[in-house]
Amino acid sequence: MQNQQPKVVRAFYFDGKTSRRHGVELRVEAGIASISGDIERQAPLDELRVSDRSSSASRKVTFADGAYLEIIDLEAFAELLAHTGYADSLVVRLQQSWRAVLQATAALIAILALGYVYLLPAASGWIANALPEAVERQIGGSTLDFLDNRVFSPTTLPQAQQDALDSSFRVLTPPRQGAPEFKIVFRKSKIGPNAFALPSGEIVVTDELVRLLDDDDAMMGVLAHELGHLHQRHMMRRLIQVSAVGVTTTLLFGDVSGLVASIPPVILDLKYSRDIEREADDYAIAMFKANGISLAKLARTFEKLDSQPAAFSPYLSSHPPGKERIARILKAQTE
């Protein structure tokens with residue numbers, strides 16, 4: 001600060017120990033701040049701390065011992081600061097510029113978007129692979145309990161049909177080592193034809209999907225695809241991404257209410273990325289090839305699903321096949 005002509009600023013003085021306030025006037029001369037009135041004291045300017053300018057809070061000048069001034073005359077105080085050469089910090093100056101605020105907001109959105117698209121998927125994969133199996137089992141088990149209480153009811157499929165589908169799939173060899181233990185779980189559902197793999201190892205298949213496909217080979221395609229999701233921990237990666245977004249939202253806005261409740265809805269409305277769906281398709285393709293099964297049967301699985309209206313089958317919205325996807329499967333037959 002550089003001293004120039006003295007300016008007088010009205011303020012309240014607080015000793016920092018009691019709530020009693022004292023009416024004073026502040027002056028600055030020769031690098032020394034002086035207050036007079038109910039209280040008199042002096043201090044070098046470099047021992048004082050001036051609060052940042054804000055539209056919603058009064059400005060304060062704090063002494064080294066914790067006593068402080070609460071400024072009454074803000075205009076006179078601004079003039080005093082200007083005369084002493086005081087300048088707001090860069091952060092405050094940026095906050096006072098709407099252009100800078102817009103630019104900073106745009107930059108933050110861009111950084112968050114890039115992080116969500118590129119960094120978060122990579123990080124979620126690393127975290128999912130590093131998680132102990134017990135954590136995944138706990139998440140999956142509690143989720144299935146939640147769904148059983150609210151969405152599912154016991155299966156109506158004959159036990160013989162359940163056993164036949166389970167046995168047919170278990171004799172198939174996974175395309176690579178390290179396949180997780182799994183359990184095929186059949187449920188009657190309010191959400192219609194659907195299937196998904198939980199982190200705990202359950203591959204949930206609804207009665208409605210079994211009856212819609214009405215084809216054991218087609219069901220092998222669905223189960224291979226879902227085992228691909230399970231083996232590559234896609235569900236866990238997706239949950240980590242959703243939780244990360246929730247944590248970020250919590251840090252930014254302080255609302256944690258929706259974070260815990262987000263997991264079951266994510267499963268019911270699970271939309272994997274195009275890359276992840278291709279990974280699961282590639283897994284099913286490799287599994288069919290490893291067991292000498294024609295990929296035409298795998299393609300037939302998605303042809304049957306694709307022939308149904310999307311509104312009728314939630315499986316179409318959560319696992320979109322599409323003609324391009326079917327063509328990709330058939331192309332892999334000759335590779």
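The legends below describe close-up views of a predicted model.

**View 1. Overview of the predicted protein, with 14 helices and 11 strands.** The protein has 335 residues, of which 39% are buried. Its accessible surface is about 18,300 Å², and carbon and sulfur atoms account for 55% of that area. Of the contacts between residues at least 6 apart in sequence, 62% link residues at least 24 apart.

**View 2. The open sheet of seven strands.** The strands follow the order β4-β3-β2-β1-β7-β6-β5, and their pairing is antiparallel. The edges are formed by β4 (41–44) and β5 (49–50). Each of these two has a single partner strand, so one side of each lacks a neighbour in the sheet. Helix α1 (residues 74–84) packs on the sheet, where it touches β1 (9–14), β2 (21–29), β5, β6 and β7. The direction of α1 makes about 30° with that of β2.

**View 3. Pairing of β1 with β2, and the hairpin they form.** The two strands run antiparallel and are joined by six bridges. Within this pair, Phe12 stands opposite Gly23 of β2. Six residues lie between the strands of the hairpin, and Gly16 has a positive phi near 80°.

**View 4. Strand β2, its two faces and its pairing with β3.** The covered face of β2 carries His22, Val24, Leu26 and Val28. Arg21, Gly23, Glu25, Arg27 and Glu29 make up the uncovered face. Six bridges connect β2 to strand β3 (residues 32–37), and this pair is antiparallel. Glu25, listed on the uncovered face, stands opposite Ser36 in β3. The hairpin of β2 and β3 has two residues between the strands, and Ala30 takes a positive phi near 55°.

**View 5. Strand β7 between β1 and β6 in the sheet.** On the β1 side, four bridges join the antiparallel strands β1 and β7. Ile71 in β7 is the bridge partner of Ala11. On the β6 side, strand β6 (residues 60–62) pairs with strand β7 (residues 68–71) over three bridges, again in the antiparallel sense. Here Thr62 stands opposite Tyr68 of β7. β6 and β7 form a hairpin with five residues between them, and Gly66 in the turn has a positive phi of about 100°. The side chains alternate along β7: those of Leu69 and Ile71 point to one face and are buried.

View 6. Apart from neighbours within four places in sequence, His231 is in contact with Arg176, Gln177, Gly178, Ala179, Pro180 and Tyr283.

Key
Residues numbered from 1 in each chain as written. Predicted model: local features only at pLDDT ≥ 70, side-chain atom pairs only at ≥ 80, totals over all residues. Heavy atoms only, no water. Contact = heavy atoms within 4.5 Å. Pairing = 2+ DSSP bridges. Axes fitted to C-alpha atoms, helices over the stretch in contact; angles between N-to-C directions. Buried < 20%, exposed > 50% of the residue type's maximum accessible area, 1.4 Å probe, protein only. Areas by Shrake-Rupley, 256 points an atom, 1.4 Å probe, with all protein chains shown as cover.
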